[in-house]
Amino acid sequence: MIAGLDLWFWACLVLSTLSFAICIFQFLRGAAPDDYSQGSVLVLEAFLMIYLVGSIIMQALTDGPSGDWLEFYGYLITAMIIPAGTFIWSLTERSRWSTLVLGLTGPVLIIMLHRMNMLWYYY
Amino acid sequence: MEQSSTATLDKKTSGFGRLLVVVYAVFTLSAGARSLYQVIRKFDEAPLSITLSAISALIYLVATIALAKKGEGAWKVSLGAVGIEMAGVILVGIFSYIQPQHFELASVWSHFGSGYGYIPLVLPMVGLWWLLNTRPVWVNA
């Protein structure tokens, strides 16, 4: 726990910030989605899958979220749709705008994981 | 008529318009998921804010689809949906300050969307600006 937030959150913050930086850099270069921007979003999706498995293990070993478990997993499933959605978007739309769309994934996930940390530890 | 105005209408769904569609899609998803959860778990606590949350999710959905589609009809539906969204965020924002007892649970629009970084307030402004910039040329006008 750092500043009241767990390592899941901080790992997400690092990965999401990296992904955001890569996508913005590629967008400013005028690049269509490529291995770097798409790859960074796939890393985020993989992270969320690990987080889901990790959460279920944490749920089994501890008392689970102090808030409502349904709300926590609702957030997690919703979060998992976002990188999947922006990635599919980037496959169909091959323009620089699509790279910016990929870049939005990271900031959205940071906000959602912050809220999920609140639900797990404080509510 | 439909055919001749297609070229100008395409502007709405290209470039920046695509980005707008995605932002609306994210809001549809988050407002929709949140209101679904609230209807399941907390409806009795704050029926008004939860009903408003559900309505706002529906308006985001209509706006997302209309913004993504090409054609004159889609432009009009977009303008209607984004207009209602603008009015909704202002009215709900005002009422949540002067009658806080009716807004125990935060909805997307209460307090002008402060829980969502005021994006719900800025989004319809950007949406209206974009729609008026991509207004279709009326062939018969």
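How many salt bridges does the structure hold over all chains? In this predicted model, the total over all chains is three.

Chain B is helical in its secondary structure, with five helices and zero strands. Following the sequence, its elements come in the order α-α-α-α-α. The chain has 141 residues, of which 42% count as buried. When contacts in chain B between residues at least 6 apart in sequence are considered, 74% of them join residues at least 24 apart.

We turn next to the interface. The size of an interface is often given as the accessible area lost when the parts come together. Here chain A and chain B bury about 1,300 Å² between them, and carbon and sulfur atoms account for 75% of that area. On the side of chain A, the residues that lose the most area to chain B are Leu70(A), Trp89(A) and Trp97(A), which together make up 33% of what that side buries. In terms of residues, 14 from chain A and 14 from chain B take part in the contact. Four residue pairs in polar contact, both residues at pLDDT 80 or more, are found across the interface of chain A and chain B. At least two residues of the side of chain A that touches chain B come from each of helix 3 (69–92) and helix 4 (96–121) of chain A. Helix 3 of chain A gives the largest share of that side, seven residues. Sorted by class, the side of chain A that touches chain B consists of ten nonpolar, one polar and three charged residues.

Side chains of opposite charge can pair when their charged atoms come close. Two salt bridges are found across the interface of chain A and chain B. One of them links Asp68(A) with Arg41(B), with the closest N and O atoms 2.7 Å apart. This pair joins two chains, because Asp68(A) sits in the loop between helix 2 and helix 3 of chain A while Arg41(B) belongs to helix 2 (residues 16–41) of chain B. Asp68(A) is buried at a relative accessible area of 17%, whereas Arg41(B) is partly exposed at 38%.

Another salt bridge pairs Arg18(B) with Glu93(A), and its closest N and O atoms lie 2.9 Å apart. This pair too crosses between chains, running from helix 2 of chain B, where Arg18(B) is found, to Glu93(A) in the loop between helix 3 and helix 4 of chain A. Glu93(A) is buried, at 11% relative accessible area, and Arg18(B) is partly exposed, at 27%.

Within chain A, Arg115(A) forms a salt bridge with Glu71(A), the separation of the closest N and O atoms being 3.3 Å. Because Arg115(A) lies in helix 4 and Glu71(A) in helix 3 of chain A, the pair ties together parts that are 44 residues apart in sequence. Arg115(A) counts as partly exposed at 25% relative accessibility, while Glu71(A) counts as buried at 10%.

Gln38(A) is buried, with 11% relative accessible area. Leaving aside residues up to four places away in sequence, Gln38(A) touches Pro33(A), Phe87(A), Ser90(A), Leu91(A), Arg94(A) and Leu102(A).

How values were computed
Residues are numbered from 1 along each chain as its sequence is written. Chains are lettered from A and ligands numbered from 1 in the order in which they are written. This is a predicted model: local features need pLDDT of at least 70, side-chain atom pairs count only at pLDDT 80 or more; totals for chains, interfaces and linings use all residues. Side-chain values use heavy atoms; hydrogens and water are left out. Contact means heavy atoms within 4.5 Å. Buried area is the accessible area (1.4 Å probe) that two parts lose on being put together, summed over both. A salt bridge is a side-chain nitrogen of Lys or Arg within 4 Å of a carboxyl oxygen of Asp or Glu. A polar contact is a pair of N or O atoms within 3.5 Å; within protein, one must be able to donate a hydrogen and the other to accept it, and residues adjacent in sequence count only if both atoms are side-chain atoms. Helices (H or I, at least four residues) and strands (E, at least two) are DSSP runs, numbered from the N terminus. Ala, Val, Leu, Ile, Met, Phe, Trp, Tyr, Cys and Pro count as nonpolar, Asp, Glu, Lys and Arg as charged, and the others, Gly among them, as polar. Buried means under 20% relative accessible area, exposed over 50%, partly exposed in between (1.4 Å probe, protein chains only).
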